[in-house]
Amino acid sequence: MSNSRHLGIAVAQMGPVHLNDSRAAVVKRLVEMLNEAASRGAKLVVFPELALTTFFPRYWMTEEEAVERFFERSMPNKDVQPLFDAAKARGVGFYLGYAELTPSGERFNTSILVDANANIIGKYRKIHLPGHSDHKVDAPFQHLEKKFFEVGDVGIPVFEAFDTRVGMCLCNDRRWPETWRVMSLQSAEVGVLGYNTPSVNIHWNEPVHLRMSTHLVSLQASAYQNAMWIAAAAKCGSEDGHHMIGGSVIVAPTGEIVARAISEDDEVIVTSADLSWVENFRNHVFNFAKHRRPEHYKIIVERTGAGEPLPIPKI
Ligand code: ING
């Protein structure tokens with residue numbers, strides 16, 4: 001057994017954030033959970049996607065209105081500074097999702113990775129934007145990520161941090177195997193993400209239980225097939241009457257769930273992740289260099305949508 005290397009990972013699941021909840025009140029909740037996570041041995045705390053506000057893409061409004069109410073013009077800023085201060089005081093790093101307005105006016109669904117000295121060491125901007133950009137007047141709510149956010153422009157970077165390599169993604173990204181393969185081909189050992197997943201599908205009559213099962217199967221398969229630890233933080237419960245699933249989890253490279261939130265409220269789960277489990281799988285069944293055959297995978301990057309079957313090679 002290779003020498004074990006442990007990283008204390010926490011997921012800080014959030015209950016609802018309502019339209020009228022102030023950033024200050026939300027950040028107070030985040031600080032409380034960070035302190036609990038630190039007390040329980042965590043060195044990296046994962047917060048949800050769009051953690052500072054309600055999941056505003058559910059509402060029809062202009063981009064200007066959305067920016068005014070829900071986007072951050074700088075990071076850190078006065079509202080979020082208490083979280084950075086608490087993290088530095090406890091010597092703990094964190095992942096935080098928020099709506100980013102850049103100085104040049106671009107809008108992204110963004111996450112940052114912050115080290116134990118409260119320095120921002122990495123930024124990710126969501127590339128798989130679900131939903132739509134038109135006003136679906138007959139739908140019970142909207143899902144306007146394609147209206148309010150631009151496709152991310154920083155790729156899927158992996159950062160040397162916490163004595164390992166950490167990749168970030170956001171919500172819908174987790175459903176796409178490409179997200180995780182891009183991280184694991186950069187030798188990421190830990191993947192972190194936040195999500196806001198509505199229970200109701202506005203496009204077709206999807207059974208509600210499938211929201212949880214597809215969320216979990218995406219993470220468990222990706223963790224195993226990429227030999228990574230994955231920590232996923234929900235913002236969940238009913239936000240002004242709009243329900244989102246919980247199910248925050250920490251998944252081992254075996255694909256097994258080692259910690260899972262049981263509530264739909266603010267809840268901290270913690271694991272001492274033994275990173276040597278990554279090596280067990282990367283050295284054998286998923287030894288990429290030894291077993292992968294990219295010459296047969298070209299279609300994955302050459303095609304966007306599904307098309308005709310490839311010509312059958314003559315044998
Ligand atoms: N939310 C959902 C998610 O990917 C969704 C949207 C749910 C898309 C289920 C497809 C199926 O978890 C965000 N914010 O991406």
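Author: Contact means heavy atoms within 4.5 Å. Take Gln220: leaving out residues up to four places away in sequence, Gln220 touches Val251, Gly255, Glu256 and Ile257.

Reader: What kind of model is this, and how are residues numbered?

Author: This is a predicted model, where local features need pLDDT of at least 70, side-chain atom pairs count only at pLDDT 80 or more, and totals for chains, interfaces and linings use all residues. Residues are numbered from 1 along each chain as its sequence is written, and side-chain values use heavy atoms, with hydrogens and water left out.

Reader: Where is Gln220 found?

Author: Helices (H or I, at least four residues) and strands (E, at least two) are DSSP runs, numbered from the N terminus. Gln220 sits in helix α6. The side chain of Gln220 reaches the backbone oxygen of Gly255 at 2.8 Å. That is a polar contact: a pair of N or O atoms within 3.5 Å; within protein, one must be able to donate a hydrogen and the other to accept it, and residues adjacent in sequence count only if both atoms are side-chain atoms.

Reader: How does Gln220 count at 28% relative accessibility?

Author: Buried means under 20% relative accessible area, exposed over 50%, partly exposed in between (1.4 Å probe, protein chains only). At 28%, Gln220 counts as partly exposed.

Reader: How far should the 17 residues of helix α6 span?

Author: The expected span is 1.5 Å times one less than the number of residues. For α6, residues 209-225, that gives 24 Å, and the end C-alpha atoms are 24 Å apart, which agrees.

Reader: Which residues of α6 are buried?

Author: Start with the general idea. An α-helix has 3.6 residues a turn, so residues three or four places apart point the same way. In α6, the buried residues are Arg211, His215, Leu216, Ser218, Leu219, Ser222 and Ala223. Seen down the axis of α6, they fall within an arc of 155°, so they line one face of the helix. The arc is that of the directions from the helix axis to the C-beta atoms.

Reader: What do the buried residues of α6 pack against?

Author: They pack against α5 (177-184) and the strands β8 (190-195), β9 (229-234), β12 (249-251) and β13 (257-260). After α6 comes Ala227, with a positive phi near 50°.

Reader: Is Glu189 buried or exposed?

Author: Glu189 is buried, with a relative accessible area of 11%. Glu189 lies in the loop between α5 and β8. Beyond four places in sequence, Glu189 touches Arg5, Thr164, Arg165, Met228, Trp229, Leu275 and Val278.

Reader: How many residues surround the ligand?

Author: A residue is near a molecule or strand if one of its heavy atoms lies within 4 Å of it. Here 13 residues surround the ligand, and the closest are Glu145, Cys171, Asn172, Arg175 and Thr197.

Reader: Which residues does a cis peptide bond join?

Author: Met75 and Pro76, with omega about 0°. Pro76 lies in the loop between α2 (63-70) and α3 (81-90).
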